[in-house]
Amino acid sequence: MSDRTMPAAETQDVPAGASTGTPHIDAGDAGYSKDLKSRHINMIAIGGAIGTGLFLGAGGRMAGAGPSLAIAYAVCGVFAFFVVRALGELVLYRPSSGAFVSYAREFMGEKGAYTAGWLYFLNWSTTAVADITAAATYAHFWAMFSDIPQWVCALVALAVVLTANLISVKYFGEMEFWFAIIKVVALVAFMLVGIYLVVTQHDVDGATPGLANITSHGGIFPMGMLPMLLVIQGVVFAYASVELCGVAAGETENPQKILPKAINSIMWRVGIFYVGSVVLLALLLPYTEYSENQSPFVTVLDKIGVPGAAGVMNLVVLTAALSSLNSGLYSTGRILRSMSLAGSAPKFVGVMNKGKVPYGGVLFTAFFGVLGVALNGFVPDDAFEIVLNFASIGILGTWAMIMICSLLFWRRAQQGRLQRPSYQLPWAPYTQIVTLVFLASVAFLMWYGGGVGRTTIYCLPIIAALLVGGWYLVRKRVGAIASGK
């Protein structure tokens with residue numbers, strides 16, 4: 001049955017006054033439970049803004065760009081907020097578990113939905129690899145795991161999170177709630193310790209905390225502006241989960257009330273947790289003391305010499321990696337189900353279990369995580385960087401599709417064809433246009449930086465060819481479903 005002809009009684013309610021015509025109805029929204037509460041959505045939004053990219057990726061990026069990394073986080077954070085704010089407006093117009101895939105279907109047609117969905121899958125299937133790679137890296141911090149091959153640790157991490165994800169959305173929400181609590185408490189505790197060390201000038205492994213660790217080592221831009229620009233694609237990866245609250249809104253009772261508060265708080269979270277943390281890291285130690293092989297937070301605590309402190313923080317960042325993996329399996333499962341019921345993804349990814357979890361899509365994403373386990377077996381030293389770049393392509397594509405949908409939504413509202421909710425993306429349509437230019441600039445910087453990033457950009461024609469080839473394989477089924485045949 002077409003997503004446009006499905007009876008409204010079988011789907012979730014559409015907010016009154018959302019459209020001046022017949023509201024778009026997506027078949028992929030039917031069948032979910034509404035078990036996510038306000039506290040779940042709020043902490044999922046927080047957890048989405050605090051992930052592996054900060055806990056693990058910040059170390060190598062600090063070493064490569066110096067204190068200017070804080071500026072990169074601030075700039076990318078602003079655009080991440082624009083993206084999630086645009087998605088929030090769309091969600092309040094019409095909540096959907098298919099999220100931007102459903103909106104792409106409404107405003108861009110089936111080709112747009114197909115492209116948005118598979119770019120999102122590229123994002124999270126590769127992010128899953130990055131997360132299990134990070135989890136395996138963290139596990140090696142402890143001597144008891146140091147002799148275990150990295151790929152074995154990665155496989156165990158994937159198996160544990162996959163099992164938990166398949167139970168029900170209620171358990172997913174509880175896991176993410178407590179994962180986010182752990183991350184927030186740990187970051188706040190670290191920042192309090194860092195502020196204390198800076199204020200008291202307490203020695204940190206021979207270095208005195210303060211501005212001297214910046215001014216005496218080349219300043220904010222120790223190697224110039226270019227390194228800061230080149231790490232932006234990695235910084236974008238750090239914000240990869242901000243759109244998760246938009247997907248989760250489809251499984252909560254009152255998204256119109258809950259979502260705006262969760263989204264609006266993202267800006268101060270970015271300012272405190274990302275920018276604030278990086279500034280503290282720069283004040284506590286010279287940027288040359290950090291490395292890509294260890295979380296920068298673990299580096300600081302390890303050098304302080306507090307017994308067990310580094311181990312505790314390492315456990316926290318391990319939790320962050322597992323949380324990100326859990327979120328990726330959750331959101332991709334919902335997106336793939338929306339695509340499956342529209343015909344643009346295999347039928348088996350649309351099936352649900354008794355717990356109302358689209359386990360077909362979850363297992364399909366996990367399968368690519370297994371490929372990541374193999375990557376850890378063959379190139380354990382480069383696995384994180386390789387998948388990070390491909391994940392960044394998926395993120396750029398996903399964010400671009402969200403902003404294009406937002407732009408088309410704004411245009412229809414200007415034409416009087418629908419009504420925008422009171423919660424709106426400010427300064428439209430300029431915000432969407434500037435964000436799209438920023439995303440294109442990030443892609444250019446990936447190419448300009450050379451190395452793995454340039455190789456990834458050279459793979460874009462291959463990705464495009466696969467998307468086009470895939471569309472020709474599914475277009476008849478998509479057309480048949482859309483026409484109700």
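Author: In what follows, a residue is called buried under 20% relative accessible area, exposed over 50% and partly exposed in between, with a 1.4 Å probe and only protein chains considered. This is a predicted model, in which local features need pLDDT of at least 70 and side-chain atom pairs count only at pLDDT 80 or more, while totals for chains, interfaces and linings use all residues. Residues are numbered from 1 along each chain as its sequence is written, and side-chain values use heavy atoms, with hydrogens and water left out.

Reader: How many helices and how many strands does the secondary structure of the protein chain come to?
Author: Helices (H or I, at least four residues) and strands (E, at least two) are DSSP runs, numbered from the N terminus. By that rule, the secondary structure of the protein chain comes to zero strands and 21 helices.

Reader: Of the 485 residues of the protein chain, what percentage counts as buried?
Author: Helix H3, residues 57-65, gives one example of cover, since seven of its nine residues are buried, among them Arg61 and Met62. For the protein chain with its 485 residues, the share that counts as buried is 60%.

Reader: Which glutamate side chain meets that of arginine 94 in a salt bridge?
Author: A salt bridge is a side-chain nitrogen of Lys or Arg within 4 Å of a carboxyl oxygen of Asp or Glu, and a search of the whole structure finds five of them. The one that involves arginine 94 spans 3.0 Å, N to O, and its partner is glutamate 106. This pair links distant parts of the chain, 12 residues apart, with arginine 94 in the loop between helix H4 (69-93) and helix H5 (99-108) and its partner in helix H5. At 3% relative accessibility arginine 94 counts as buried, and so, at 12%, does glutamate 106.

Reader: Which residues are linked with Lys303 in a network of salt bridges?
Author: The side chain of lysine 303 meets that of aspartate 205 at 3.2 Å, N to O, a pair that links helix H15 (residues 296-304) with the loop between helix H8 (169-200) and helix H9 (212-215), 98 residues apart. Lysine 303 also meets glutamate 289, at 3.4 Å, and because glutamate 289 lies in the loop between helix H14 (266-284) and H15, this pair ties together parts that are 14 residues apart in sequence. Glutamate 289, with a relative accessible area of 35%, is partly exposed, as are lysine 303 at 24% and aspartate 205 at 47%. The residues linked with Lys303 in the network are Asp205 and Glu289.

Reader: How far from arginine 85 is the nearest side chain of opposite charge?
Author: For charge, Lys and Arg count as positive and Asp and Glu as negative, whereas His and the chain ends are not counted. Arginine 85 is found in helix H4, and, leaving aside neighbours within four places in sequence, its contacts include Tyr423 and Gln424. Arginine 85 is buried yet has no salt bridge, and the nearest side chain of opposite charge, glutamate 89, lies at a distance of 6.6 Å.

Reader: Which residue is joined to alanine 428 by a cis peptide bond?
Author: Most residues other than glycine have a negative phi, and most peptide bonds are trans. In this model, glutamine 201 has a positive phi near 60 degrees, and aspartate 205 one of about 55 degrees. The cis bond has an omega of about 5 degrees, and the residue that it joins to alanine 428 is proline 429.

Reader: At which residue does helix H21 bend?
Author: The bend at a residue is the angle between axes fitted to the seven residues ending there and the seven starting there. Among the buried residues of H21 are Trp471 and Val474. Helix H21, residues 460-482, bends by about 50 degrees at valine 474.

Technical notes. Contact means heavy atoms within 4.5 Å.
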